[in-house]
Amino acid sequence: LSVQSVTPEGTLSTPEEVTNTTDPSPVTGLSVVNGTTQSVKIEWTPPPDTRASDYTYKVTVTNDAGGDSWTTITSKGETAFTATGLQPGDRYKLSVQSVTPEGTLSTPEEVSNTTDPSPVTGLSVVNRATQSLWIEWTPPTDTRFSDYTYKVTVTNAADGARWTTITSKGETAFTATGLQPGDRYKLSVQSVTPEGTLSTPEEVTNTTDPSPVT
């Protein structure tokens with residue numbers, strides 16, 4: 001942009017000039033496509049701007065629990081990013097901004113996701129009867145483990161019958177009742193974050209006591 005003084009007679013001064021870049025358009029379609037206990041992968045669609053092929057992208061990752069935040073600038077033209085080194089079971093906000101070659105930023109697009117929680121450990125059957133199995137486990141050491149519930153799945157190996165239960169927050173034991181005497185059962189336990197994100201299952205197999213003779 002240049003500016004020149006103009007006299008009433010139309011005489012022009014030498015121009016003074018300034019150059020600037022308009023804000024780029026934001027990305028679209030930002031979404032989480034994969035997650036583990038310590039990573040979250042996001043993808044997005046670049047804007048339809050004239051110079052979009054020259055854009056890089058500023059990715060900001062913020063931990064909702066502790067407020068820790070860090071940023072990364074992608075390589076030119078990249079449309080995916082994997083945030084690594086995250087904490088299991090924590091909720092993160094990830095924002096993406098288009099960046100022109102001059103460093104001008106778009107408005108951010110944001111998505112939130114929770115990393116997979118760590119699985120329980122020490123799962124074992126501690127008591128059994130003809131119609132029940134009692135299991136216990138040790139919760140993970142994740143930052144928010146005290147807010148976790150646990151999904152317990154009971155499967156009858158004989159006929160494949162299956163049912164699930166969500167425990168109350170913080171429980172570390174469960175008694176499966178109404179079972180068949182002398183049948184073999186698989187019991188699996190998964191950590192569940194407050195947002196409903198599940199860990200990989202830990203499993204144990206045991207047999208109910210058979211009925212006595214009469």
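Tutor: Before we start, two strands count as paired if DSSP finds at least two bridges between them. Strands themselves are DSSP runs of E, at least two residues long, and helices are runs of H or I with at least four, all numbered from the N terminus.

Student: Ok, and what kind of model is this?

Tutor: It's a predicted model, where local features need pLDDT of at least 70 and side-chain atom pairs count only at pLDDT 80 or more, while totals for chains, interfaces and linings use all residues. Residues are numbered from 1 along each chain as its sequence is written, and side-chain values use heavy atoms, with hydrogens and water left out.

Student: What's the strand order in the open sheet?

Tutor: The order is 3-4-7, three strands with antiparallel pairing. Strand 3 (28–35) and strand 7 are the edge strands, as each pairs on one side only. On average, neighbouring strands here are turned by 20° against each other, direction ignored. For that, axes are lines fitted to C-alpha atoms (for helices, over the stretch in contact), and angles between N-to-C directions run from 0 to 180 degrees.

Student: Changing topic: is threonine 74 buried or exposed?

Tutor: Buried, because its relative accessible area is 6%, and buried means under 20% (exposed is over 50%, partly exposed in between, with a 1.4 Å probe and protein chains only). Threonine 74 sits in the loop between strand 6 (69–73) and strand 7 (80–83).

Student: Which residues is it in contact with?

Tutor: Leaving aside neighbours within four places in sequence, threonine 74 touches Trp44, Thr56, Tyr57 and Val59. Contact means heavy atoms within 4.5 Å.

Student: And how many salt bridges are there?

Tutor: Seven, where a salt bridge is a side-chain nitrogen of Lys or Arg within 4 Å of a carboxyl oxygen of Asp or Glu. One of them joins arginine 51 and glutamate 102, with the closest N and O atoms 2.7 Å apart.

Student: Why does that pair tie together parts 51 residues apart in sequence?

Tutor: Because arginine 51 is in the loop between strand 4 and strand 5 (56–63), and glutamate 102 is in the loop between strand 8 (91–99) and strand 9 (109–114). Arginine 51 is partly exposed at 31% relative accessibility, and glutamate 102 is partly exposed at 47%.
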